[in-house]
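Have the sequence and the 3D view ready as you read.

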Amino acid sequence: MKIAIYSAHPFEMTYLVNVLEGEHKLMVTEEELNETTVHLAESSSAVVLFTSDKVNENILKQLAIYGVKYIALRSVGFDHVDLKKAKELNIKVANVPAYSPYSVAEHAVMLLMALNRHLIQSRELIESNDFRLDELTGFDVHGKTVGIVGLGKIGQAFARIMNGFGCKLLCYDPNPNAELGKELNLQFVMLNELCSMSDIISIHCPLNASTKHLFNAAAFSRMKKGVFLINTARGPVIKTEDLLQALDLGLVGAVGLDVYEFEKGMFFHDHRNESINDPLFEKLRTYNNVLITGHQAFLTETALKNIADTTAYNLNCFEKGITCINEL
Ligand code: NAD
């Protein structure tokens, strides 16, 4: 089958090519799928896409004209795909629902610990021969109250780690599972309560209409002063403008972001020779108590292998007409 792979990054190529080459005829491009690159999918039966690819109504119509009948997403999240339009056009969409929840959960913990123990500042001091400790005091995470927003696969993996740290766990999820709560030693609460009681909040819900800007000025005003906020889910769950204000007012003590509201077109690319025309991002990265990584939480060898294997499975199901458990 002819397959077009978009946004193919060097970090994932060996994994993808290993499982797909030989089985299929591949068109591989580092370009993102958008209006100017959609023609590269001409005569392909399937496209393999990343979170940064544009999959709106117009692109889907064009893909349908070019004969594309299947979209294999190399991601858990599918908020960037117009699923309703895809269905109308008879284009099936499958994702990789679980490739390694540990990769993202562990990254969330890394952001928390790096902020808490001032890891970046510590390195800078060591590099400048300044061995004083006065600016580096952190806190024991043991005994702190941690609020988890979304108790899916990643939220659960995060909860297990924080249990190991000896934290008190609170969770907000619109579909609470009492048995799971008991197993993970956590208490389900409403979001307002989670905000007002947590020392640390970690976001693990999907982006959808109900979670866009879930963390806005009203939510920040309810939080414990100095709360640590970690977001490894999706950027638009936090309203950046309000976050900046909360940082300026000292409401939020530290922020770890692996995702950013306006990351599309910026993250995953080399912009060293350009300026970043995004005043919110420019401001965000000036704070010492904000640590940003460029959507790399998933990036472990295990995750990359599992993404490639599941993508091959999804494509195989489509080619052979077998029911695919990952179809959306
Ligand atoms: P999942 O589907 O297993 O779990 C999502 C959980 O969120 C579910 O329990 C659901 O009930 C809950 N939820 C839904 N709406 C909610 C709301 N309004 N408030 C609170 N909880 C809500 O998904 P997952 O595998 O745990 O992944 C979670 C998200 O993490 C994905 O949707 C994706 O956006 C993001 N993600 C990020 C990276 C990264 O590299 N940064 C990688 C993978 C996934």
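A polar contact is a pair of N or O atoms within 3.5 Å; within protein, one must be able to donate a hydrogen and the other to accept it, and residues adjacent in sequence count only if both atoms are side-chain atoms. The model here is predicted, so local features need pLDDT of at least 70 and side-chain atom pairs count only at pLDDT 80 or more, while totals for chains, interfaces and linings use all residues. Residues are numbered from 1 along each chain as its sequence is written, and side-chain values use heavy atoms, with hydrogens and water left out.

**Around the ligand**

| Residue | Atom in the residue | Atom in the ligand | Distance |
|---|---|---|---|
| Gly 152 | backbone N or O | oxygen | 3.3 Å |
| Thr 232 | polar backbone atom | nitrogen | 2.9 Å |
| Arg 234 | polar side-chain atom | oxygen | 3.3 Å |

The protein covers 87% of the 870 Å² of accessible area that the ligand has on its own (Shrake-Rupley method with a 1.4 Å probe; for residues, only the protein chains shown count as cover). Which residues come nearest to the ligand? Among the 25 residues around it, they are Lys 153, Ile 154, Asp 173, Thr 232 and Asp 258 (a residue is near if one of its heavy atoms lies within 4 Å). Sorted by class, this shell has 13 nonpolar, eight polar and four charged residues (Ala, Val, Leu, Ile, Met, Phe, Trp, Tyr, Cys and Pro count as nonpolar, Asp, Glu, Lys and Arg as charged, and the others, Gly among them, as polar).

**The pockets**

On a 1 Å grid over the protein atoms alone, a cavity is a set of points where a 1.4 Å probe fits but cannot get out, and a pocket is an open set with protein on both sides within 12 Å along at least five of seven lines; lining residues have an atom within 4 Å of a point.

The ligand takes up the space of the largest pocket (more than half of its atoms lie within 2 Å of the grid points). This pocket has a volume of about 900 Å³ (the space filled by probe spheres set on the points, which are joined across faces, edges and corners). Its lining counts 43 residues, with Val 76, Ile 154, His 204, Cys 205 and Pro 206 closest to the centre.

The second largest pocket holds about 400 Å³ of space. Of its 21 lining residues, Ile 120, Gln 121, Tyr 287, Asn 288 and Asn 289 are closest to the centre.

How many cavities of 30 Å³ or more does the structure hold? There is one. Residues in the lining of the largest cavity include Asn 231, Gly 235 and Glu 261.
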